[in-house]
Amino acid sequence: MNIAIVLAGGTGTRLGGDIPKQYIEVSGKPIISYCLDKFENHTQIDNIVIVASEIWQDYIMSWIEKDNLSKFAGFAPAGSSRQHSIVNGMIKAKSIGAVADDNIIIHDAARPNVSERIISQCMDKLSEYDGAMPVLPVKDTIYLSENGENITSLLNRDQLYAGQAPESFKYGKYLEIHNGMTEEDLSKVRGSSEIAYRHGLKICMIPGDECNYKITTKEDLNKFVREMEER
């Protein structure tokens, strides 16, 4: 079984506004719906779990019904951090029958342009690796500063990559590395694959996509609005 865990619990504070960015409606539907459509229509995805605050679940459910999403398998509560939300999503996955040998693919609701190709490659690589993630090569020169005021050292950009979502994992292995982690431990995790790498899981990098950006700023939102209007 391949389960998509869609994270929709963020508050979107960097964007501002009255509602979280994933629920802003663009061209007649909320941003999260564009994301859900991609997993609903992908042949390798069996079930979709949505991690969201309880106050937004009825709203999401209304769009699930409007869009006739048959793969929706339930909600998990949003956590105090992104990684805690992922744990809640994995617990929900277990309640719908996920076992150790199953696969999960974790995505942000605020990345509505994820492609069929990226989802496919993330899932396919799990036959060889413990996890997979799309990445983009870093274009600019990267400087390291320990105090934020002066350059401490240079990093070789040819060896640097920017991670994107979704990130896929063997369900049992990824769940297991969270055993014994505290709320504080979870809050320190900055990326889904970061914790996997630190615990010895073998993670494959696949080519990312510039179009697969996360809507974080007003500029990002305006860009997505223009794209949908052009379509």
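The structure holds six aromatic pairs; rings of Phe, Tyr and Trp (for Trp, its six-membered ring) pair if their centres lie within 6.5 Å, and planes under 30 degrees apart count as stacked, over 60 as edge-to-face and the rest as tilted. Take Tyr23 and Trp56: the ring centres are 4.3 Å apart and the planes lie at 15°, so this pair is stacked. Tyr23 sits in the loop between strand 1 (2-7) and strand 2 (25-26), while Trp56 belongs to helix 2 (residues 54-66), so the pair ties together parts that are 33 residues apart in sequence. Helices here are DSSP runs of H or I with at least four residues, strands are runs of E with at least two, and both are numbered from the N terminus.

Before I go on, a word on the source. This is a predicted model, in which local features need pLDDT of at least 70 and side-chain atom pairs count only at pLDDT 80 or more, while totals for chains, interfaces and linings use all residues. Residues are numbered from 1 along each chain as its sequence is written, and side-chain values use heavy atoms, with hydrogens and water left out.

Are Tyr23 and Trp56 buried or exposed? Tyr23 is buried, with a relative accessible area of 2%. Trp56 also counts as buried, at 18% relative accessibility. The cut-offs are under 20% relative accessible area for buried, over 50% for exposed, and partly exposed in between, with a 1.4 Å probe and protein chains only.

Lys66 lies over the face of Trp63, at 4.1 Å from the ring centre. Lys29 lies over the face of Tyr34, with 5.0 Å to the ring centre.

Next, helix 2. The helix has 13 residues and spans 19 Å from its first C-alpha to its last, close to the 18 Å expected at 1.5 Å a residue; the expected span is 1.5 Å times one less than the number of residues. Which residues of helix 2 are buried? They are Trp56, Gln57, Ile60, Trp63 and Ile64. Viewed down the helix axis, these buried residues fall within an arc of 130°, so they line one face of helix 2. The arc is taken from the directions from the helix axis to the C-beta atoms. As background, an α-helix has 3.6 residues a turn, so residues three or four places apart point the same way. On the face turned away from the buried side, helix 2 carries the exposed residues Ile55, Asp58, Glu65 and Lys66.

What do the buried residues of helix 2 pack against? Their partners are strand 2, strand 3 (29-30), helix 1, strand 4 (47-52) and strand 5 (72-77). Of these, helix 1 (residues 31-40) is mostly covered, with nine of its 10 residues buried. Among the buried ones are Tyr34, Cys35 and Asp37.

Just after helix 2 comes Asn68, with a positive phi of about 55°. Asn68 lies in the loop between helix 2 and strand 5, and counts as exposed at 62% relative accessibility. Ser27 is another residue other than glycine with a positive phi, near 55°, and its place is the loop between strand 2 and strand 3.

Now strand 6. Six of its six residues are buried. Both faces are covered: Asn103, Ile105 and His107 are buried on one side, and Ile104, Ile106 and Asp108 on the other. Strand 6 pairs with strand 1 in the parallel sense over six bridges, where two strands pair if DSSP finds at least two bridges between them. Four bridges join strand 6 to strand 11 (residues 167-170), and these two run antiparallel. In strand 11, Lys170 is the bridge partner of Asn103.

Asp108 is in strand 6 (residues 103-108) and is the bridge partner of Leu7. Asp108 is buried, with a relative accessible area of 7%. Leaving out residues up to four places away in sequence, Asp108 touches Leu7, Cys35, Arg82, Ala165 and Lys214; contact means heavy atoms within 4.5 Å.

One of those contacts leads to my last item. The peptide bond from Ala165 to Pro166 is cis, with omega near 10°. Pro166 is found in the loop between strand 10 (161-163) and strand 11.

Methods. Lys NZ or Arg CZ within 6 Å of the ring centre and 35° of its normal.
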